[in-house]
Amino acid sequence: MFSLETITNSIQQWLYSTFNPTMALILECAIVMLLVIGLFAVLGLVLVLMERKVAARMQIRLGPNRVGPRGMLQTAADTLKLMMKEGLTPDGADKFLFNLAPFIVMIAAMLIMAPIAFAKGFQIWDINIGVLYVSAVSSVSVIGILMAGWASNNKYSLLGAMRSGAQIVSYELSAGLSIISIVVLAGSLQVSDIIASQQTGWWLFRGHIPALIAFVIFIIAVTAETNRAPFDLAEAESELTAGFHTEYSGMRFALFFLAEYINIFIVCAIGATLFLGGWMPLHIGNWDDFNRIMDYIPSSLWFLGKTFCLIFLIMWFRWTFPRLRVDQLLSLEWKYLLPISMFNLLLITLIAIMGWHF
Amino acid sequence: MTNLQLLALLPFMVLATAAVVVILLIAFKQSHTVIQVTGFFMMCAVVLAMWFVRDTLPREVPPLLVVDGLAALFTGLIIFSVLVVGLLSYIYFEEREENPKEYYILLFLATLGAAVLTISRHFISFFIGLELLSVSLYALIAYLRNRNNAIEAGVKYLMLAALTSAFLLFGMALIYMETGSMEFTAIGNAITKSGTSVLFLMGIGLIVVAIGFKLALVPFHLWAADVYQGAPAPVTAFIATVSKIGVFAVFVRFAQAIHLHENALAVTVLTVIAIACMIAGNVLALMQQNIKRLLAYSSIAHFGYLLVAFLSGDAGVGAGVFYLLAYSITLLSAFGIITLLSTRRKDADELSGYRGLFWRNPLMAAIFTVALLSLAGIPLTAGFPAKFFILTVGVQQHMWLLAVVLVLTSVIGLYYYLRIISTLFASPPLSPAKEKSLHPLFYAATYTSLVVLMFLLAWLGIFPGFIIDNVQEFLVIR
Amino acid sequence: MDISQVLFYALSAMALGSAIMVVISRNPVHSVLWLIITFFAISGHYILMNAQFLGIVNLIVYAGAIMVLFLFVIMLMNLNAETEPQKNKWLKLAGVVAGGCLLLVLVAALKQAEVKGKVAMLETGDIGLIRNLGKALFTDFVVPFEISSILFLSAMVGAVVIGKK
């Protein structure tokens, strides 16, 4: 059966048999880095196209359809255009921070990739506190956003950055709490353990209604954390031009843009890992034949399928809900989501202790 | 953790519950009066709990806490002071437009911090207790934030307390590096085995900086006057009594465990600090026209006296506890008077406001006079035997220099206390009578408690033997 | 010199260097950003000592939350060189003298100290792992753990009291 695990194992064996261990480690790092950068490029192209196509579909129009077959090469052409453009640095900006900010956001996005399991045995770094690592590194990207907003020396940028920061810091709480509720059920922070614990069924189904609530809260929170509509106050066009990246152009703008879409992919991947079993195929109790058929589908396809379903869900939100006001946004988090998720965490702990889950 | 250990911690749990109960009462929109009365009964419950667990002492709760006689004494002192401070707070805050309710949460939490200090025998509980105390105090000091002084005082206290916490942590880290332990007795054992090293002394020095800040000892006293002046009067009383008692308790326990009195350098440094406290406190108070600032300087001097007892080693602990008891009762009655005289707009801290108090309100003047005489250490008030015991212990330990300075500075101190007393009896200025809008019950309660405090002062001054015997009895429990 | 030693020295240099930059940089926003780098270096030290959980929590709490709030406040206050209060020259001098004395004493004490026999546990200690940490917190250290939660309660009440309206 086709599996990525065999490929990675054979590459590793070949590396260690040909080079000394240090050299092999360095080469492995280089390969991983290349793969991540390649993945970023591909994801950026695919996700932007997907966003535009989904948007067009929702609004009953065609969307990009000129460049390439059915407009497939539209984003590639856009990227080319952005690369050719001149990168402006506004007068009075803090030059160093202004140039550094997009890279910090990008690097934070790259670092989060480390513990994500893309397929069975296909994971960069199975750190023993995997999901905590994810929330730690994702909180770093706020610093990059604040830096960008402040260094631009522009009131719209600063306001956008402030909104974005406030939003991310507050919604991180309920996202973290819903992540922890799965950690409680799985009994481990390690990503591979969490996936392995869903061998017999996904936590979304096994954890009864509390797990469902945690999932819903998680989706809402990550939508806000990635600054997506209906929580896109940070870059509300009608109020703030484009928020913290108003002053950015050319390749630096492209980095922000890319990081935004990468972040969507990452949070959806985390959601798929925690609630939908990651690369684990759908198994139903004692239906052995059904389970065997499901096993034939490669694990990488399972993972990508689940992730893209979630991404589609988040894109769907954008064209469904109107944008919230800032006070509504904050009171939603602090007065509703946070208390609910705390209570929910208690319920889930009770379920985990009593062993009531399936 | 066994049941007996949990039982020994019962008073502290009741104290923590008191804060939660107040939060719930606020959530259910109860009035200030209800909260005040409930708080009073919760404090009574703490006292009952202490009475209930007295037979199970001493009880260790390893690795951090120990509830023994020393802890019981100091916790008792703290709870007693908080009872009085809580009573005073009602009249003070009811007159003000700010919402007074959250005040009680912070008050009880700060008390819990001080109480944790008295039972801690490990750096971790020491630090957490100290932080709990200081963090609550930041907000308490700045509670009436519409007054300029309050915010200034709060920020001053915040900055300096945070800085000294850093000193404290660094000192702890150095000691941990030297001895490999954070428990007081283990540190003491390691030190007796290997002798003191430079790093260890350094760590002690840094810890003394932090403790000196909290006790307002002399080189670290600069905050005291401003914070005393800016904080609301009941909070000032709290800082002067509860917070200092807690820190002093942990300092005593720490010093006993690591045998600080046998270390010549530490003794020298503390002697210098004590002398500086006594001199600076009394001299700075001489020309002071603001009562709250004056009490700040006077409390600096009083902690100088207390250090004499501290430096006498184990023999001085009994005298120190008695001194703290007398000092707390005295200060609480003095601050009670300040609280009663304070108006909606400002605290009664100008000396001129006390002119002719005797002719306007003889009872208040009498209480204030007794309190001031006790602060000065006049016979027949509690201050006299307290100072006398300290002097005796100091002379027994042959600390002549300290004893001489103590006597001399007490004489200086007499001057400014008598100056206030003479103001009380001067002819009164024409002033409009203060209208009283509150329920008379609370005035009656406050006056009663102040009168009780006054009689306690006299009783302690005339028959100190009963208390000192009880203190010694408690100190044996360890 | 093995890899963990190299990392230790690199992280220490990073922590010290950026801590110095926190103090000497003129722009407060830059100070905060240097402080963030210091926290990263300290987290690196935790991870070197096999305390991954502490390292990551240090990142979440300090770099991710507290420093972001610092940045918020400082960026919105718009501090410039012109708004900086001019301090008394003598006060500055006194500060330098006092700080210098403290530094002198510390350095002298550290020179005297014996640190040869004291070795930090690298990659061997396991108390920093989350399972052991949780066990320690909920058995031996349960009382201080609860007290520290009360500490947060008091900080929260205090902040609400001072900050409301």
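**Close-up 1. Helices H2 and H5 of chain B run roughly antiparallel to each other.** In this predicted model, the axes of H2(B) (residues 10-27) and H5(B) (residues 101-119) come within 9 Å and cross at roughly 165 degrees, and they therefore count as roughly antiparallel (angles under 35 degrees are roughly parallel, over 145 roughly antiparallel, 65 to 115 roughly perpendicular and the rest oblique). Axes here are lines fitted to C-alpha atoms, for helices over the stretch in contact, with angles from 0 to 180 degrees between N-to-C directions. Helices are DSSP runs (H or I, at least four residues) numbered from the N terminus. Among the residues making the contact are B:Phe12, B:Leu15 and B:Ile26 of H2(B) and B:Tyr104, B:Phe108 and B:Val116 of H5(B); two residues are in contact if their C-beta atoms, placed from the backbone, lie within 7 Å. The contact residues divide into 15 nonpolar, one polar and two charged (Ala, Val, Leu, Ile, Met, Phe, Trp, Tyr, Cys and Pro count as nonpolar, Asp, Glu, Lys and Arg as charged, the others, Gly among them, as polar).

**Close-up 2. Helix H17 of chain B is largely enclosed by the rest of the structure.** Ten of its 14 residues are buried, including B:Phe384, B:Lys387 and B:Leu391. A residue is buried if 20 or more other C-beta atoms lie within 10 Å of its own, exposed if 12 or fewer, and partly exposed in between, with C-beta atoms placed from the backbone. The buried residues of H17(B) pack against H13, H14, H16, H18 and H19 of chain B. Just after H17(B), B:His398 takes a positive phi of about 60 degrees.

**Close-up 3. B:Ser422 sits in helix H18 (residues 400-425) of chain B.** With 9 C-beta neighbours inside 10 Å, B:Ser422 counts as exposed. Its C-alpha atom is separated by 51 Å from that of B:Glu183, 239 residues apart along the chain.

Close-up 4. Chain C gives 19 residues and chain B gives 30. On the side of chain C, H6(C) supplies the largest share, 14 residues, and that side divides into 13 nonpolar, four polar and two charged residues. Chains A and B do not touch; their nearest C-alpha atoms are 15 Å apart.

**Notes.** Residues are numbered from 1 along each chain as its sequence is written, with chains lettered from A and ligands numbered from 1 in the order in which they are written. In this predicted model, local features need pLDDT of at least 70 and side-chain atom pairs count only at pLDDT 80 or more, while totals for chains, interfaces and linings use all residues.

Methods:
Helix = DSSP H or I, 4+ residues; strand = E, 2+ residues; numbered from the N terminus.
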